Each structure stands twice: as C-alpha cells, then as structure tokens.
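We will go stop by stop, with a note on what to look for at each one.

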Amino acid sequence: MPVAIVIAALVVGSVLFHLVSPWWQTPIASNWSSLDVALDVTLWICGLAFIVLNLFLAYVVWRYRHREGHRAHYEPENASLEKTLTFWTAVGIVGMLTPGLAAWAKYVNVPQDAAMVEAVGQQWQWTYRYPGPDGVLGAAGVMHITPDNSLGLDPTDPFGRDDKIIESSEMRLPLDKPVKLLLRSKDVLHDFYVPEFRAKMDLVPGIVTYFWMTPTVAGDFGILCAELCGVGHHEMRGNVVVEPQAAFDEWLSEQITFGEILEQASPASRSEMFATADVCVGTSIWSNP
Amino acid sequence: MVTLADDLQPLHHPKTWIGKYVWSQDHKVIAIQYSLTAVAIGLVALVLSVLMRLQLGFPGSIPWIQPDNYLQFVSMHGMIMVVYLLTALLLGGFGNYLIPLMVGARDMVFPFVNMLSYWVYLLSVIVLVAGFFVPGGATGAGWTLYPPQAITEGTPGYQWGIVTMLVSLAIFIVAFTMGGLNYVTTVLQARCKGMTMMRMPLSVWGIFIAAIMGLLAFPALFVAAIMMLFDHLAGTSFFMPTIFSMGQISDTEGGNPILFQHLFWFFGHPEVYIVALPAFGIVSDLISVHARRNIFGYRMMVWAIVIIGGLSFVVWAHHMYVSGMNPYFGFFFAISTLIIAVPTAIKVYNWLLTLWRGDIHLRVPMLFAIAFIFTFIHGGLTGLFLGNVSVDVPLSDTMFVVGHFHMVMGVSPVLVIFGAIYHWYPKITGRMYNKTLGQMHFWFTFLGTYATYLPMHYIGVLGVPRRYYALGDTSFIPDSVSTANAGITIAAIIVFVAQALFFINLTWSYFRGKKADPNPWGASSLEWLTPDTPPTHGNWGEKLPTVHRWAYDYSVPNAERDFIPQNEPPSNEPPS
C-alpha cells in the first residue's frame, strides 16, 4: 500500500522537479533550434508515457493489493489489447523520429556558403586556423609539426601560406554566418563542445571531422572538451567570441599567417620545417627504426 | 532416445569438503561461488563510486583524490559493474542456479566445464584487481578504453594498467564462453519431459537469449582487446594513426581509432541487453508469482525477448553519433534504436497488465519488482532521447547520459537482483530473510537511487559534461549545480550505507532465520518443487520431474489452490 502512494508521489514529484528545477538547457546561441524542437517533442511524448504508465502502476498496485478472499483474474493473453498498445507505441516512436531525423538531415548537409574554420585539439588545449583570402585551408598533418609549425601545415603547399594561425585558446566567429568547423586532433580523441551551440563533434587523430552551424547570438562562450582525453580533460578549455562581421574581419586581419611565420623563422627552423615535407609517408617504424 | 535430462546413470556425489564446496561441479555451488565473487568485486566498484561522488559533491574534501586516480575510479567502477558484477552475477550466478532447476535437469550438461568457467572467472577478477597495484596504477581511460588515449601518455595506467585490464577481459571472455555454451546447451538439451520451450519460465528465456548474445558479442571485445594489446606491446597500428603526443611524433601509422569504437560497441550494446534480458525474465517471474496471476501475454513476452536480442546487434553505433563516423549512419541507427523500443514497451505493458486484476502480495521481492518497473520506465524513456540522433547531439557526453544508463542498466537490474535474491533465498538457504530489514533495505535503495540519478539528468541537459574531475570556473554552470552535486552525493552515500542492511540480513538469516517452507510463495515453477530444500546434488532425488503445463497457472478458475505446480497432471485428463 505505501508503495502505491510512493510511486504516485514520485510521479508528481518528478513533474514538480521538472517544473521548478533551475537546470535546463542554456539559452541557444546557434541555428540549431531544430535540435531543441526534437528534444522538446521527445520530452513531451516520453513525459506523457512516464506519467500515464507509472500512475497506472500506482493505481493497479493499490486497487489489486491482496485482501482476504480476493482472487486474481486468469487471462493468459488478450491479443487485441496487445495490438492496440503496440500500435500506439509505434505512433509515439514515429512522432519522435520525425522531428529527430528532419533535424539530422539538416545537420549532415553543410551549406555551400559555409566558411571554413579549423579547430585543433591536443592534450590539453585548443588552437585554431582560418583560411586566408583564397578561402582554402592548406594541407596539414602531424608529421609536419615542428616547434615553429605547431599545427603541422605542409610548408610546400601554397594554399597554406595565407592561412591564419591562432595559437591562443580564443577563437572568433562572425555573427549570423554559417561556418563549417573542421576538427583535427594531434594526439587523442577530443570533442569540440559549446553547450550554447548545441552541436558537438569528436576530434579523431588521423582524420578530419566536422560539423556546421550558424552562430546567432553575439557573446563570449566557453569551449569544453567532451571526450575523455586524459588527466587534463576537465581543464581543456577555450572560448569563442561571436561578433559582427566587421569586428571579426578586423580581428582576423591582425592574426599572423603561416607565410609570415615561415618568413620570420630562423634558417634552422625553416629547414627543419621543410625537412618534414620530404618524409612524405611520415615516420613509421619501418622507415625509422 | 534417452536425453541428458533423463540420464539415469548414477551421479557421482563428491565425498570431501573440498570436492563439495571448492572444486565443485554442482551448478548450485558454482552459482554461489560466482555470486559471492561478483558481489565482492562489486563492493569494490561501489566504494569507488562513493569516492567519485565525494570528489564531485565536495570537491577537494579528500585531498588524495586527484585527476589521475579520479579517472581510475571512473574506469574501474564502470568496467567492474558492467562485466564483473552484472554479467557474472546474472549469468554465472542466476543462470547457473536457475536453469537446471527451472528446466528440470540434474545439472548443467558439462559440469566440469562449468566448474572451470568459475575458476577462470576468478582468475580474471584477480588480474583485474592486480591492475590497482601495477606501476602507474589501473587504467583511467574510461570503461570504454578508447584508443589512442588508453595507451598513450597523459592517461593514468597507460603503461600497465591497460594491459591488466585487457588481459583480464580476455580471460573473462574465456570464462564466459565456457559458461555460456553450458547455459545454451542445457536449455536446448536437458529439459525434463514435458518442458517444451514455450513452457519455460521467462527467467530461463531471458538468460538463454542473453547467453546466446554473449557468445556472439563478446568475441568482438576479445579481438579488440587483443588488437589493442598488440598496438601497445608489439608496435602494431590497428587503432593508432600517426599522432603527435607529448612533444613526439609516434611510430604508429595508418590505424583508425573509430574501428575500436565499432568493435567495442558491437559488444557494448548487446552487453546492455545481456544484463537486461535476464533481469526482464526474472522480474516477470517475481511479478507473476507475487501477484498470483499468470504472466500476461507469455508468447509476446518470449518473442519480445528474442526480437530485442536480435535487434540489439544492429543498434551499436547509437553510442557513436558524434564519434566522427560517417554522419549518414545516424539515420539508420536512430531508426533501428527506436524500433527496439516497441518490443521493450510491450514488456513493460505486460508487466503492468500482469499486476492488473491480480492479487498483489507486497512482499519484499515484489516491492523490488514494482520499483524496477518504475525505474525501468524512467531509464527506458530517457534512452529514447539518446537514441534519437539529433536529440543525442547536445546530450552526449553529459551527465544526462550518466543518469540514463545508471537508471536503465544500473539501478533497474540491481533492483531485480535484490528482489531475486530475496525471492529465492528461502530455496537457496532453507531459511527466511528478515522482513523488516528487507523492507528498510528496499526503501533506502529505491528512493535513494532515484534521488541520486534524477537530478543528474537535469544538470546534463544544462550541459554539465561527464568524466570531469572538477567543473572549475565554467561560465554556463551556475552555482546551484554544486548544490545539486552535493545533494546527489549525500543520496548516494545513504544508498551505500543502506546496503549494510542487506548483508546483515542475509548473513543473520543464514544462521538464525526462520526455517523456510519448501515453497513459501506458492510458486508453480519447478525449482520450488525439489524434494529437498535447499536442493541437494542432482536436484531431483530418484526421479526427474515431468511437466504438464506452463509455469504460470496462477488463480486458475475452479482450481483448488491459487496455483497449480508445473508437474501436476491435468485433473480430468481431457484429450488435448
């Protein structure tokens, strides 16, 4: 008997907790409100199921609790009832999948005009790269990394010369412009995670991953790492400043290009950088015993 | 033809204490050995979880919890709970105890292999624990052990902890294979006369399908473990691209970290159901017995178990929506994942409909079963959030995920396990448990775990990431989150302390408990009908039982009692 009351109280309590809890999504700052809509639809359907099923549980436990002389009803199955329930469950599933898959279709289709920005992760910090006027990021790989070429750009690739190298934890994005974030890791898995943007994606060493979004709110947002990457995982922080295009352009123009880095480097450092380009297969255990 | 179940060759009863209780080939003794070992290592995981919670709830309160050992606690807690506790207890423990008794067999069909299975499992646990003591300590790569971090500097235990972990898993899989083959073969070959597949109790169905799934899923983990061992010790590059780690370019080249994730989750998702299906089966039997009502929709329940088992092999990549795999896979895996909700929902409906119009005795096992329905509805529904690909993106790697999987495959199966232990305790020991202590244990556990995990979902929706040693100064996280974390930790500690009630009860009752009736709940299934309580070696005395009906003839109209044992012949023998 108490258990029926407690189950009912837990349902009511959970709903109240949901209503008064100060913890819910951060205010959205990107175009991904469709992800929030999918979450809301899922919440409404699941919330309804949670309330109905558990209140039914509480009712049944109370109504059919053991009393002297009471006997259970013998009924092995009831095909029509089971079919009805299966049907309505399927309706609920379709109701959740529809907005979910519709949002996903947008998520996987990067707009043609999205600007490219690269975020590079390493234990335990973020750095960034922006294409120059050519709009193209030059080739890069960890085998090209030297002290003066921390992002590992291929020094022989002409497309990389005008790339802007941001060796700071702060990146910037222009407001209301779609951006494709290319993600590259030097060492282990990481995950580029800004809660206000909703979107996130792992960084995987050896490949380039990506996602796209449009920042819709100006401001300064924290970047976290959301994929366990070692003892400094919780301290791998950066931030992204979203600002109007003009301010963004001004900031970007102040950043150093890879070409300038090459020019300013000492002759020894330059030759070290170019030496990496000769070992075109990188260093394997076979070529470098 | 004489089947194994009807084998009337004399059993060789062990003569010595060691033969009876140590090198025992009796499935019941092996079950107890498996269970005690699993619970012992589970207690280690429980302590680790409290240490983690202390750090999260009261950061810095224990100065020696640092980021490196915090991650070791996270990793070892997860792996122990999923593999060494839940899998071992539900299959090695309950599977061993219940299968032969419920299908009317004298023992498992390969008793010697069954014994070996336990001792190899014990070895895997010893190797696992050795990980705490090797140089560098246990692995801190998370229970998912993702490369490259699992085997590169910067992760605790990357030197030797990961080696002991992978070796221990490989040994565990050997043990599981010996046990699993036994469970499957016994169900298929050793059922007593009249025990058709569709008359088996759902406990046996759940364990049977879970064992088949384990035999198909664990090999993926096995090869992943061996491949990572090669990467770590022999310089191969299965999972290792060229990386630049700690100032150095690695000697590895061309490997793919995502390949490991596919192998891991091809095991890892079926693993969820390897734990869940035995729990589903067992809880069905608890509900039916204590509600004095036939399980509602038995055939649908069986098919739901089979379909869930099959579908669980095509949903694995829903753990990898933001892993960097081809994003178009998201469409397929979201659909397959949400489809699996249909047979799962049918099971929930049928549990509820079994209670409906029942005669519900709110004994301790039933309380746990009812609490399971509640927590499983909660955990199952939050799974739909994470399965629905675009809803998963903001939630993945947050505390929402932690809340979800603890509700659905931590709390829910553990509630069933507690209920099942109380339910079968009179048969296993011949004594009754203490009712008051059992009820207190129930209330603390049920309410305490809900208070622990409900708020986690909410701070996860807010965006608080998981596997964080400390939240630090993060602009989007308000101070109230520390309050939530403190509250969660207090609830978790209450649950932790309350488990003493369980151990005190079981130990005290074992020596001082009231002598139990052979069939105290009035159950129909065969395990309650043994000539001795506790059942002796060989289970059935001289003659094997013969089954005449399904396991759920409760409250049959016009029957004398409110249950008809499975071995009772039809009263008026109508030609069927």
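A residue is called buried here if 20 or more other C-beta atoms lie within 10 Å of its own, exposed if 12 or fewer do, and partly exposed in between, with C-beta atoms placed from the backbone. Helices (H or I, at least four residues) and strands (E, at least two) are DSSP runs, numbered from the N terminus. You are looking at a predicted model, where local features need pLDDT of at least 70, side-chain atom pairs count only at pLDDT 80 or more, and totals for chains, interfaces and linings use all residues. Residues are numbered from 1 along each chain as its sequence is written, while chains are lettered from A and ligands numbered from 1 in the order in which they are written.

**Stop one: helix 14 of chain B**

Please select residues 435-462 of chain B, which form helix 14. Of its 28 residues, 20 are buried, so this helix is mostly covered. Step past the end of helix 14 and you reach B:Gly463, with a positive phi near 125°.

**Stop two: helix 10 of chain B**

Now pick residues 341-355 of chain B, helix 10. How many of its 15 residues are buried? The count is 14, and helix 10 of chain B is mostly covered. Just after this helix, B:Arg357 has a positive phi of about 60°.

**Stop three: two helices side by side**

Show helix 6 (residues 202-233) and helix 8 (residues 298-311) of chain B together: they pack at about 15°, with axes 10 Å apart. Axes are lines fitted to C-alpha atoms, for helices over the stretch in contact, and angles run from 0 to 180 degrees between N-to-C directions. The pair therefore counts as roughly parallel (angles under 35 degrees). To see the contact (C-beta atoms, placed from the backbone, within 7 Å), highlight B:Trp205 and B:Ile209, among others in helix 6 of chain B, and B:Ile305, one of their counterparts in helix 8 of chain B.

**Stop four: B:Trp119**

Next, find B:Trp119 in helix 4 (residues 111-130) of chain B. Because 14 other C-beta atoms lie within 10 Å, B:Trp119 is partly exposed.

**Last stop: where the chains meet**

Finally, colour the contact between the chains: 85 residues come from chain A and 99 residues from chain B. On the side of chain A that touches chain B, helix 3 of chain A supplies the largest share, 14 residues.

Definitions and conventions: The expected span of a helix is 1.5 Å times one less than its number of residues. Two residues are in contact if their C-beta atoms, placed from the backbone, lie within 7 Å. Angles under 35 degrees count as roughly parallel, over 145 as roughly antiparallel, 65 to 115 as roughly perpendicular and the rest as oblique.
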